[in-house]
Amino acid sequence: MRSWKTMALLLAMVVLMASCDKDRGKIDVSWQLVQNQYKADNQHKCEITFTNNSRYTLTNDNWEFYFTWFRSIKKDQEWKGLGGETINGDFNKIYPTESFTELKPGESMTFPLIGSHYAIHKSDAISGGYFVIKKGLGKELIIPSGKTITLPFPEDANLVKGSFDHLKVQTAEMRYEENEAIQIIPKENLVPIFPTPNKTTLDEGTCEINKDFIIYYHSSLSNEARFLQNKLNEVFGGNMIRTKFRSDDFRETAPNRIILNKKSGNAEAYILNIDPQQGIIIMGADEAGVFYGIQSLLSLFPADLNNVFETVVSVPSINVVDGPRFPYRGMHLDVSRSFHSKQNVMKFIELISSYKLNKLHFHITDDEGWRVEIRPIPELTEIGAFRGHTKDEKDHLQPSLGSGPYADPELGNGSGFYTREDFIELLRFAKSRHIEVIPEIDMPGHMRSALKAMEVRYDRYMKEDKPDSALMYLLTDFEDTTFYTSAQRYHDNTANPCMESTYRFVQVVIDELVAMYKEADAPLTTLHIGGDEVPGGAFTYSPISQSFLESQDEYNSPSELHKYFTKRVTAMLKKYDIHTAGWEEVACKHEGKKRYPDPSLVQEGIKVYVWNNVWGWGAEDLGYQLANEGFPVVLIGANNFYFDFAYNRDPEEEGLNWGGYTDTRSAWEFTPYDITKCAETTLYGDPITEEMFEGKTRLTKEGKKNILGMSGTLWSETMRTWDRMEYMAFPKILGLAERAWSLQPYWSVVDQKDFAKMMREIDWNHFVNKLGQHELPKLDQKQVQYRIPLPGAIVENGIFRANIRFPGLILRYTLDGSEPNEASDKYIKPFKLNPGVKVKIAAFNKLGRSSRVVTLP
């Protein structure tokens, strides 16, 4: 790994570069969308402006502009004096040709750029730009461009993916219509625990909790007692006492006692009884059940937004009988594309555990970064954990996803990793919160960070004349002439599955993970191997692969080597009693362009995470096919649970949208046992008809037993800061938590459509009231930067009306053209709007943070 001396030297160099950058100035870059479907259905035109605020004149031979972009540069361009290319993945450059006229300090130039696909959101703009100035004698210097200025989208830009796309840009009027049925429910009429418990009985009276309460706990529940003690100390500022007991029959209740004990029952189930005379009793079927009972108790506490210690907290007298609907209730977190610190991951674990989620699918490796230290192979983090400007990737990976020129964790989202000690600390913390961490080592595709690191390792040992060491963990067949393109446009991201060194590499990684989990005393029951998006045609011209295919009879073509890899790694993991998990591709065979379950893999016991439920793509029922075949399935469908998708089609809402859009409702309304009950429109906004359900596989009784549960995902391509991560994750995660924990809703099993819809809207109204009045203030208390929804608003017959998705948020407006703030007028009821007057309105939380401003008319 990079030593502290190396890191100190790097930091000193960065400080020096930053001071030099001040002297050099910078070249500002702005991006403007011009038009989608420009001259063709699958390309768009934009404009880039350079404003030279540096002290260097750009000539026809002294500069290159590098940037990252989700789109590729099309060959046919309309520029003069410029050239450009997509280098690899999302990394691009533009450079001058002989006819380029110079750009002097203080001058600006604008030029067109034609890119693939479309631009619908600001996150579709270029990012991470910088200039390399050639100074002669082989010397170069970097001039940053800072954050790209993304100009407002023109009204005639045609914000659709093509002529087939009928989705509309969201407007204030559309939001008003969506929110129109929402009515505020008095707070006292809401179930005060989240997620909704199986059964609650409210009694009269309250229990007054104070710092004199004593926690009595069974000797097996010391972790849970400590957790509760710490939480109550945060509330009361005192050092609450906890006392251990050993008798399973301990029942010595008293008004000032909290008793934590065990009882028989289903895994993770609990009862919570609060009685002013008998105190508080939490009994669980296991430690996790008691922990969730504690979370329900804490859920009854009102949000403290004043940050002062309480003397007493009143909670209602209540009896709760509760337990989870599914054993797998998870969140996926990608720290490879954008690295996020140990402290922020721990905050995330704390948050999701409060909603009774119990799995963290930790995506720690991918093309863009290797994020965990593997001691026998230090190059993985020395090279694979850093991104920055490079000529040959012998020092670190190329920039990607806006990470910029500097390979430093303090200056971008592309660099950083968890030391062995960091990772063990994360595991211990997660275990204390009853979160099982399922690591994902994505392979054999999505392995570019590892491939490049192992190529550097190979070069180092070859220079030392140690060929055996050089070849030990090599993942690349250097004689392979295959040209392939991955889903993220890489041409070199797939490990060769026919090289024994590939499996030596995998073995070392497994051994290190097993050792870290053992030291953390944390369970490692499952290793997710990814297995997704192996590029078509990979290994076709690899001599090593060709030799392997000729040497045996089971596998006949390069496309089948993915299955060979999966089975070998699964056999390796079985020696440790570790289950293999993977994305749906690991359990499927291809026939034409469609995937089907591969029955020969059922006996391997692979847990399958099914992501492709996008309506209109034809694989909506693949999860049911796999479950019916006998595979254990986690439903992680893009339509409902890809929380990195933008909230809606508003250019200001950043995020991906290849599979549509997700918000809190899309997660909440998911019906895991019958996907037809939550299908209303296709990816492109067309109504879903009964005819589309014809021929779709339905879940059998046996298949239903194989649905382990569900999970949300947070891919971090556009979530480059932790604030952005929280904005995309919350409150979407609350919709997931409700559906994963709480009982199956009645409306999801009703066949009469109109009645089911009516019941669903009543249920939704309760849910949004609970979020707005109970849960969002608690997120405020925890300083979570969740998304505050924009108000809905209309002007009809001169009357202005507004509403909001989550009752409890406050609407404030102005009529004088100024931006609304905490002191602005509060919207209470519709009012007459004078001609020519514009309303500016925004939603505010209890701390004064607001949504974006809506202007009407």
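1. Strands S26 (residues 607-610) and S27 (residues 633-635) of this predicted model pair in the parallel sense over three bridges. Two strands count as paired if DSSP finds at least two bridges between them; helices (H or I, at least four residues) and strands (E, at least two) are DSSP runs numbered from the N terminus. Val608 has Val633 in S27 as its bridge partner.

2. Both strands belong to a barrel of eight, closed in the order S17-S18-S21-S22-S23-S26-S27-S28 with parallel pairing. On average, neighbouring strands of this sheet are turned by 30° against each other, direction ignored. Axes here are lines fitted to C-alpha atoms, for helices over the stretch in contact, with angles running from 0 to 180 degrees between N-to-C directions.

3. Helix H5 (residues 342-354) packs on the sheet and touches strands S17 (328-334), S18 (359-363) and S28 (707-714), contact meaning heavy atoms within 4.5 Å. The direction of H5 makes about 150° with that of S18.

4. The whole structure has 54 aromatic pairs. Rings of Phe, Tyr and Trp (its six-membered ring) pair if their centres lie within 6.5 Å; planes under 30 degrees apart count as stacked, over 60 as edge-to-face and the rest as tilted. Phe348 and Trp722 are edge-to-face, at 6.2 Å centre to centre and 90° between the planes. Because Phe348 lies in H5 and Trp722 in helix H17 (residues 722-729), this pair ties together parts 374 residues apart in sequence. Phe348 and Trp722 are both buried (under 20% relative accessible area; exposed is over 50%, partly exposed in between; 1.4 Å probe, protein chains only).

5. Phe423 and Tyr517 are also edge-to-face, since their ring centres are 6.2 Å apart and their planes at 70°. Phe423 is in helix H7 (residues 420-432) and Tyr517 in helix H10 (residues 500-520), so the pair links parts 94 residues apart in sequence. Phe423 is buried at 0% relative accessible area, and Tyr517 is buried at 2%.

6. In helix H2 (residues 172-179), Ala172, Arg175, Tyr176 and Asn179 are buried. They lie on the same side of H2 because they cover an arc of only 105° around the axis, taken from the directions from the helix axis to the C-beta atoms. The buried residues of H2 pack against strands S29 (792-796), S30 (799-803) and S35 (854-856).

7. Mean pLDDT (the predictor's confidence in each residue, from 0 to 100) is 94 for the protein chain, with 97% of its residues at 70 or more. Over residues 7-22 pLDDT stays under 50, and the model has 10 contacts beyond four places in sequence for them.

8. Residues are numbered from 1 along each chain as its sequence is written, and side-chain values use heavy atoms, with hydrogens and water left out. Local features need pLDDT of at least 70 and side-chain atom pairs count only at pLDDT 80 or more, while totals for chains, interfaces and linings use all residues.
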